[in-house]
Amino acid sequence: MAVNLVNVESVTKVYGTRALLDGVSLGVSEGDRIGVVGRNGDGKTTLIRLLTKLEEADTGRVTHSGGLRLGVLTQHDSLDPSATVRHEVIGDLADHEWAGNAKIRDVLTGLFGGLDLPGFPQGLDTVIAPLSGGERRRIALAKLLISEQDLLVLDEPTNHLDVEGISWLAGHLRTRRSALVCVTHDRWFLDQVCTRMWDVQRGDVYEYEGGYTDYVFARAERERIAATEEVKRRNLVRKELAWLRRGAPARTSKPRFRIEAANELIADVPPPRDSSELMRFAATRLGKTVFDLEDVTVQAGEKTLLTHLTWQLGPGDRIGLVGVNGAGKTSLLRALAEAVRSDGEVQPAAGTIKAGRTVRLAYLSQDVAELPPALRVLEAVQQVRERVDLGKGRELTAGQLCEQFGFSKEKQWTPVGDLSGGERRRLQILRLLMDEPNVLFLDEPTNDLDIETLTQLEDLLDGWPGSLVVISHDRFFVERTTDRVMALLGDRSLRMLPRGIDEYLERRHRMEEARLAERAPAAAAAEAAAKPAGAVSAKDSRAAKKELQRVERQLDKASAREADLHQQIADSATDYEKVAKLDAELRELVNDREQLETRWLELAEDAQ
């Protein structure tokens with residue numbers, strides 16, 4: 001039976017006049033992997049702050065099991081600005097100690113791309129103070145993952161990670177023994193990692209089994225049943241009124257209905273978009289030419305990012321653009337946008353970019369455009385246009401589009417200065433769509449958006465007739481809104497990937513293996529040259545390798561026994577005498593394992 005780690009009992013939390021959580025009771029047990037979803041502002045972060053006792057509940061109680069080892073990643077790190085990355089992540093461990101630890105090597109490689117932290121000016125000895133928010137967040141995450149916990153609580157862990165980093169993090173969390181509670185809007189990540197979902201809505205938390213996909217089916221079924229019950233209630237009220245008018249109430253049998261299987265909910269739903277129809281409509285709005293690139297070179301300052309690029313973006317094309325950080329994704333979009341703004345007068349470092357005469361470009365950058373803080377939300381949208389034509393006969397007023405994006409009638413009169421970061425992002429997208437563009441560039445559009453807003457944006461884009469280019473680390477969003485994926489792999493070229501992001505990750509993995517294989521002979525030669533005259537003989541090296549294999553087998557057995565002891569202790573939690581014996585054996589085993597690891601490091605040097 002799984003041990004209960006955290007109990008939340010009848011918890012209420014009120015801010016101002018609004019109850020974010022109202023009488024909520026939940027529990028987290030060993031082995032739980034819980035994803036937390038909900039609209040921005042509905043209380044996701046408040047829930048996990050109460051769960052981790054970073055905040056106190058107004059009423060109710062939160063209890064932790066005795067000796068709970070808790071690891072928390074909040075949206076604001078507590079790193080020492082004057083410290084180095086080495087000090088914060090690795091602590092006082094000597095180089096041979098941390099380099100011999102497989103977990104530390106895996107975390108550093110997965111989050112930073114290598115043990116030498118490429119991209120950081122002084123590697124592990126880089127001082128934290130001048131680093132960006134994204135770099136600091138990765139450092140905080142690495143520090144957390146290297147240590148051992150019973151429960152990990154992560155608030156938006158995929159922020160500032162690229163596609164490869166997110167894929168690595170999902171795999172890493174799946175193999176950890178600690179329980180997990182995770183707030184994220186990355187739906188692919190939720191599907192990969194979580195086995196339960198908490199949906200925070202209007203003061204309540206609804207629990208669902210399974211990952212994000214299972215949650216969508218289950219929530220749709222719950223809402224269908226609720227709608228059926230509401231219709232039934234209204235019908236009964238009407239019947240009761242009729243019976244009262246007739247005199248004596250009539251007798252009726254109870255209505256019978258069955259709950260449909262989850263898949264039947266979508267059996268008669270057409271595909272999200274009719275691609276051929278949208279392309280025909282897009283062609284009438286854009287003509288034959290959108291963007292033609294001929295032998296183009298793209299630079300950022302003195303750095304050359306792309307060379308000899310010949311590519312055509314046609315009417316109705318929906319492209320997902322992925323690639324390593326710094327490969328030139330944003331620079332490519334900026335070069336295209338500049339060609340439109342300058343009417344072709346500004347060209348790249350080499351080659352030509354031709355933009356169609358009818359192109360009306362809207363470019364959502366990663367920076368949120370500042371608006372006068374006193375301006376109301378509806379006024380900010382109406383500044384652009386009163387009504388918008390979404391194609392296929394769909395027309396919406398500014399107010400209707402605001403409601404689709406989660407701005408209720410009351411919220412539409414909120415000053416822009418009072419909006420959260422996610423709400424400002426939503427407003428920025430709204431204003432772009434109100435301008436009726438026929439070409440959309442979206443650079444990281446999912447930043448700060450909750451899942452419900454993302455699905456609304458996807459629904460709008462499904463019927464939007466035009467050319468679309470999306471840069472995003474959100475795999476779900478890219479696969480949902482685009483038809484083709486193209487990649488910048490860091491080799492100054494743009495490639496089409498028929499199998500999408502899976503193919504991108506495979507290619508990147510092969511490139512990394514080739515890079516390491518290429519470096520291996522040079523590293524071996526340098527190491528051999530650096531060896532002292534009294535280096536280990538061939539005979540001693542063979543003996544060291546043989547003993548190394550024996551020590552590795554002992555370490556495997558020790559790890560297996562350690563895992564077995566942990567499980568026995570968990571299963572015997574109420575038998576204190578047995579737990580004490582098991583704990584004593586575990587301590588002795590841990591001591592033996594540490595000695596074996598020290599011996600392994602000594603032998604590894606002699607076995608080179």
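**Entry 1. His308**

I looked up His308 and found it exposed, with a relative accessible area of 61%. His308 is found in strand 11, which covers residues 303-313. I noted its phi as well: the angle is near 50°, a positive value in a residue other than glycine. Most residues other than glycine have a negative phi. I record that the model is a predicted one, and I read the entries that follow in the same way.

**Entry 2. Lys53 and helix 1**

I turned next to Lys53, where phi is also positive, near 65°, again in a residue other than glycine. Where does Lys53 lie? I found it in the loop between helix 1 and strand 4 (59-64), just after helix 1.

I listed them as Lys44, Thr46, Leu47, Ile48, Leu50 and Leu51.

I checked how much of strand 7 (residues 179-183) is covered. Five of its five residues are buried, so the strand is largely enclosed by the rest of the structure. In a regular strand the side chains alternate between the two faces of the sheet. In strand 7, I saw Ala179, Val181 and Val183 pointing one way and Leu180 and Cys182 pointing the other way.

Which strands are joined to strand 7 by bridges? I found strand 3 (residues 33-38), which runs parallel to strand 7 and is joined to it by four bridges. Here Ile34 has Val181 as its bridge partner. I also found strand 6 (residues 151-155), parallel to strand 7 and joined to it by five bridges. On that side Leu154 stands opposite Cys182.

I followed the chain from strand 6 through helix 6 (residues 163-175) to strand 7 and recorded a right-handed β-α-β unit.

**Entry 3. Cysteines**

How many disulfides does a search of the whole structure find? The search finds zero. I examined Cys194, whose closest cysteine sulfur is that of Cys182. The two sulfur atoms are 5.6 Å apart, which is too far for a bond, because a disulfide requires them to be within 2.5 Å. Cys194 counts as buried at 5% relative accessibility. I also looked up Cys402, which counts as buried at 0%.

I traced an open sheet of six strands with mixed pairing, in the order 14-17-18-12-19-20. Its edge strands are strand 14 (361-364) and strand 20 (494-497), each of which pairs on one side only. I noted that neighbouring strands of this sheet are turned by 20° against each other on average, direction ignored.

Within the sheet I looked at strand 17 (residues 439-443) and strand 18 (residues 467-471), which pair in the parallel sense over five bridges. Val439 stands opposite Ser467 in strand 18. I then found helix 13 (residues 421-434) lying across strand 14 and strand 17. This helix runs at about 175° to strand 14.

**Entry 4. Thr126**

I looked up Thr126 in the loop between helix 4 (102-112) and helix 5 (133-146). A polar atom of its side chain lies 2.8 Å from the backbone oxygen of Gly123. Leaving aside neighbours within four places in sequence, I found Thr126 in contact with Ala83, Thr84, Val85, Phe120, Pro121 and Leu131.

**Entry 5. Asp80**

I ended with Asp80, in the loop between strand 5 (70-73) and helix 2 (85-89). Asp80 is partly exposed, with a relative accessible area of 34%. I noted a polar contact of 2.9 Å that joins the side chains of Asp80 and Ser82. Leaving aside neighbours within four places in sequence, Asp80 is in contact with Glu88 and Ile128. I also recorded that Asp80 and Val127 are 47 residues apart in sequence and 9.4 Å apart in space, C-alpha to C-alpha.

Methods
Residues are numbered from 1 along each chain as its sequence is written. This is a predicted model: local features need pLDDT of at least 70, side-chain atom pairs count only at pLDDT 80 or more; totals for chains, interfaces and linings use all residues. Side-chain values use heavy atoms; hydrogens and water are left out. Two strands pair if DSSP finds at least two bridges between them. Helices (H or I, at least four residues) and strands (E, at least two) are DSSP runs, numbered from the N terminus. Axes are lines fitted to C-alpha atoms, for helices over the stretch in contact, and angles run from 0 to 180 degrees between N-to-C directions. Contact means heavy atoms within 4.5 Å. Buried means under 20% relative accessible area, exposed over 50%, partly exposed in between (1.4 Å probe, protein chains only). A crossover is right-handed if, with the strands pointing away from the viewer, the path from the first strand over the helix to the second runs clockwise. A polar contact is a pair of N or O atoms within 3.5 Å; within protein, one must be able to donate a hydrogen and the other to accept it, and residues adjacent in sequence count only if both atoms are side-chain atoms.
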